[in-house]
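Open the model in your viewer and keep the selection panel at hand.

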Amino acid sequence: MRAAVFHGAGDVRIEAVAAPGDPGPGQVLISPSMAAICGTDASEYAHGPHMIPLHTRHPGSGHVGPLVLGHEFVGRVEAVGEGVDGVAVGDRVVSGAGVSCGECAWCLAGRTNLCASYYTLGLSAPGGLAELVRSPASICHAVPAAVADEAAAMAQPLAVAIHALDRGGVGPGQTVAVLGIGGIGGFLIGAASTRDPRRLIAVDVDPAKLALASALGADDAIDARGTDVAAAIREATAGEGADVVIEASGVPANPSVAIHATKRGGQVVIVGLQADPPPVDIFDAALREVDLIATVAHICDSNLPESLAVLAQTELAGEVLGEVVPMTRLVEDAIAPLAAGTAPGKMVVEVAA
């Protein structure tokens, strides 16, 4: 079958690989129609391998060597394995990216994203940029008829944003600020806008991204160039600071900026990953009891269904979509522009094209 295979930095090939074979117990075999490209895919292409097990066996998946990419995808179920209930041949589904064991202490506590043997389709096991992919049925969810395939391909990254909102306790009547309107930042704004916030604030250095944030429901769009961001957020919140500030930029100074922009007793949620450990003003956080909360990935059982509901009820997917490109142009028109920072939005690949 044809697939997009990562061989190393700057080396992603569309080539023939062995088909995955019949699904095992608890698995389904999916024929992907669309797959979205993530910043992690672009980072691995530009600077990897960091997460992809090219040279050592992955402890969770057991994979080693060149890997089929794609952890954000939608497709039709072609076959089901023994013991699968609730998913049938012909169903249109999205698959969560993270595979968990269901038996460790974290899984039993409902925190499947922290599973002791967690691994990710498309990063540590073969993914959905292929004619066929196997996935656990337990992480697959039916796509509502109102959600087109190019939108459904965004369900997984939107679920990551929804998990971050849940971690911060974002709910009705709150003031929420998002620092960085990149790939996940746009989804954070769009998803937060559906939770009836009192005020939703977006911060970035790119006017186009700030315009996108406004279209997605932000009440304030703060240009961080030459601006005291914390002071601007306090000004927009009657001097108090935001109830929740979500750091999604990865800028080293921004965790401290987020602390200073948060009200007494508020929450800072760290989504963006800094390349080097940044200095963080813990003193100010301690004096004002600001909670510092980390977040990673998503919870398939709760976050994916909410993600699909948001996509069905809003124009979020259309607002963030950059282009739909054929599989044959994956590198030139999707991965490379994303790595270079020139992609016009969320890039989606038509796997069958």
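**First stop: helix 10**

Select Ser307, which has its place in helix 10 (residues 300-313). Helices here are DSSP runs of H or I with at least four residues, strands are runs of E with at least two, and both are numbered from the N terminus. This is a predicted model: local features need pLDDT of at least 70, side-chain atom pairs count only at pLDDT 80 or more, and totals for chains, interfaces and linings use all residues. Residues are numbered from 1 along each chain as its sequence is written, and side-chain values use heavy atoms, with hydrogens and water left out.

Is Ser307 buried or exposed? Ser307 is buried, at a relative accessible area of 0%. Contact means heavy atoms within 4.5 Å. Draw a distance from the Ser307 side chain to the backbone oxygen of Ala155: it comes to 2.8 Å.

Move to helix 6 (residues 207-215). At its start, a side-chain oxygen of Asp206 comes to within 2.9 Å of the backbone nitrogen of Ala208. After helix 6 comes Gly217, with a positive phi near 120°.

Next, select Ile222 in strand 13 (residues 220-223). Ile222 is buried, with a relative accessible area of 10%. Its contacts, leaving aside neighbours within four places in sequence, include Ile201, Val203, Leu210 and Ile233.

**Third stop: the whole protein**

Zoom out. The protein has twelve helices and 18 strands. Its radius of gyration is 20 Å, close to the 20 Å that the globule rule gives for 353 residues, so it is as compact as a globular protein of that length. That radius is taken over C-alpha atoms, and the rule is 2.2 Å times the number of residues to the power 0.38. Along the principal axes, the C-alpha atoms fill a box of roughly 60 × 40 × 40 Å. Of the 353 residues, 51% count as buried. Among contacts with a separation of 6 or more, 70% join residues 24 or more positions apart.

Methods
Buried < 20%, exposed > 50% of the residue type's maximum accessible area, 1.4 Å probe, protein only. Polar contact = N/O pair within 3.5 Å; in protein donor to acceptor, adjacent residues only side chain to side chain.
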